[in-house]
Amino acid sequence: MFQDLSVAGILVTDKAGIVLSSQGFARKILRVKKGIPLEQALPQLWPKVKRTLQDLKRRQEESISIETEVNFLTWIEPIVYDSICDGIICFFIEHLKIPELLSQLSSFQDLTGVLNTIIDSSADGLWVSDSQGIIIRINPASERISDVKAEDIIGRSTQELIDLGIIKRSVFEEVINSKKVVSYLTQSANGRKFIATGTPVFDVSGDVVRVVVSERDVSEIDRLQRELEEQEAIKDEFRHKIAEMQQTNLSSQQVIAKSPCMVKALSQAIRVSNVDSSVLILGESGVGKGLFADLIHKNSRRAEKPIIKINCGAIPESLIEAELFGYEKGAFTGAQAQKPGHFEFADGGTLFLDEIAELPLSAQVKLLHFLEDGQITRVGGTTGRTVDVRVLAATHRNLEEMVENKSFRLDLYYRLNVIPIYVPSVRERKDCVLPLLRYYLDFYAEKVGCKRRLSLAATDALLSYKFPGNVRQLMNICERLVVMSETELVDLQDLPSDVFSSQKKQGRSSAVQLPENIALREAIEKVERSILKRSYAKHRNQYKMAALLGVTQATIARKLKKYGISKHVDYE
């Protein structure tokens with residue numbers, strides 16, 4: 001009747017909630033199969049698992065009822081690798097239907113038999129001692145976990161067991177002395193790790209008469225976590241190989257595109273590579289506009305020819321024309337011989353004009369003439385030369401405003417702006433920040449010959465930082481962290497002061513400032529509006545907001561409309 005009262009099972013999922021492995025009870029009775037979403041297999045368990053994936057908090061002894069009408073104790077453990085949650089492990093222990101069993105009992109002897117069966121069938125180890133620390137009972141699970149025999153343990157004091165090396169720490173004495181529950185992680189003589197929790201049992205006078213210690217074996221969980229870490233290491237090795245291939249293809253530079261806006265920009269760059277149209281690459285300083293120029297060139301029919309890069313803002317205005325178009329002997333003081341310009345050097349290939357907004361008006365005229373007829377004339381020359389050059393231009397400035405201010409030619413703007421590509425800033429491509437940080441930390445660590453990884457606090461600070469200098473600043477920060485950190489783990493105090501102070505300011509600014517004499521209703525509305533505004537700015541999805549805030553999607557839609565936070569309903 002009682003032999004099958006307790007069954008244990010283990011379930012492992014990835015960070016998306018897809019089942020990676022199911023063992024024992026989870027596979028045989030719950031029939032949870034590898035590769036299916038946990039939300040589909042165990043819908044009542046999924047909300048708890050989802051919260052653990054989000055907040056990385058361990059959840060233990062959570063009661064849950066499955067469709068089979070069997071109750072369970074679940075232990076949900078996040079699997080954290082390199083400060084990122086890669087999945088969870090669920091450990092199941094069946095709850096006994098105690099009320100139903102008790103209704104079938106006819107005597108105290110039956111009750112004693114049931115209790116003994118419960119103790120002996122428990123998947124967790126159980127030790128019981130008297131008020132003096134003398135062991136009076138252990139169950140079979142304890143014998144397995146601690147690799148001992150009951151006849152060698154029962155009747156001995158905990159101090160004697162410590163002297164014999166059977167146990168390393170006497171939780172019994174700690175519970176007796178403190179009269180409180182005591183828990184700690186320890187290891188048995190056979191190397192198995194387990195969590196020991198000691199609970200005091202009091203008499204009517206408040207004195208401790210028994211101590212019950214439960215042992216939960218976590219060795220299997222450690223093994224599964226190591227397997228997942230090994231799989232993740234294999235994935236990382238694969239990612240590194242892909243990264244090396246991308247480096248080779250893009251002049252040893254890594255292209256990381258996880259955010260939709262960055263994926264869109266890259267797909268546009270690949271698409272325009274097959275034509276010879278002029279491309280205007282727009283974006284803030286440091287976003288990687290030069291990398292996009294490389295990408296376009298290396299995927300074009302001109303890939304075997306050179307790409308010549310020139311920064312229009314780095315050359316004096318008096319020399320820019322001579323550098324671009326070349327000059328003849330005697331064209332100006334010091335021109336003792338003729339010299340070809342960058343257009344001629346790039347013949348058959350690509351000319352990338354970075355910071356095109358800094359080009360003086362006189363040079364703008366000659367550039368416009370080339371874009372119209374494909375000919376250039378050297379400074380001091382009288383005859384034109386035909387060259388086959390594709391022009392790529394880039395700027396971080398607003399050319400339309402410059403056209404209105406008469407500092408940039410309208411006709412040249414239209415010639416250059418045939419195909420505009422906007423490269424998003426780092427703050428616009430949040431999904432790319434963590435992969436970029438990992439890549440450049442590994443890149444500079446390999447150059448130095450060391451290993452570096454970010455703590456969770458440092459990762460959060462860097463993810464919340466705006467990176468006004470974009471990818472260029474991110475690379476500099478990674479190089480600094482690799483060189484200046486004294487330990488492998490880069491923590492919050494190792495970050496640059498501006499990153500650290502930015503996080504503190506952001507934390508202060510996120511709090512709602514309320515007047516001293518504000519009415520309660522108005523204060524609630526202000527706080528509610530602030531929470532909804534931040535959540536909408538982050539997720540842009542009412543269903544995600546509803547799930548995270550613990551309300552329905554209809555409530556979210558009504559509140560957004562009430563506070564005027566969004567003008568459209570997002571049902572993505």
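Colleague: Which residue of strand 16 is the bridge partner of Leu282?

Modeller: The partner of Leu282 is Thr395 in strand 16. Strands here are DSSP runs of E, at least two residues, and helices are runs of H or I, at least four residues, both numbered from the N terminus. Two strands pair if DSSP finds at least two bridges between them. Strand 11 and strand 16 run parallel and are joined by 4 bridges. Bear in mind that this is a predicted model, where local features need pLDDT of at least 70, side-chain atom pairs count only at pLDDT 80 or more, and totals for chains, interfaces and linings use all residues. Residues are numbered from 1 along each chain as its sequence is written, and side-chain values use heavy atoms, leaving out hydrogens and water.

Colleague: What is the strand order of the open sheet?

Modeller: Its 5 strands follow the order 12-13-16-11-17, with parallel pairing. Strand 12 and strand 17 are the edge strands, each pairing on one side only. From one strand to the next, the twist averages 20°; such angles run from 0 to 180 degrees between N-to-C directions, with axes as lines fitted to C-alpha atoms, for helices over the stretch in contact.

Colleague: Where does helix 12 pack?

Modeller: Helix 12 packs on this sheet, touching strand 11, strand 12, strand 13, strand 16 and strand 17. Contact means heavy atoms within 4.5 Å. The direction of helix 12 makes about 150° with that of strand 11.

Colleague: How many residues of helix 12 are buried?

Modeller: Buried means under 20% relative accessible area, exposed over 50%, and partly exposed in between, using a 1.4 Å probe and protein chains only. In helix 12 (residues 289–298), 8 of the 10 residues are buried, among them Leu291, Phe292 and Ile296. Their cover includes helix 11 (260–272) as well as strand 13 (350–354) and strand 16 (390–395).

Colleague: Which strands pair with strand 13, and over how many bridges?

Modeller: Strand 12 pairs with strand 13 in the parallel sense over 5 bridges, and Ile307 has Thr350 of strand 13 as its bridge partner. Strand 16 also pairs with strand 13 in the parallel sense, over 4 bridges; there, Leu353 is partnered by Ala393 of strand 16.
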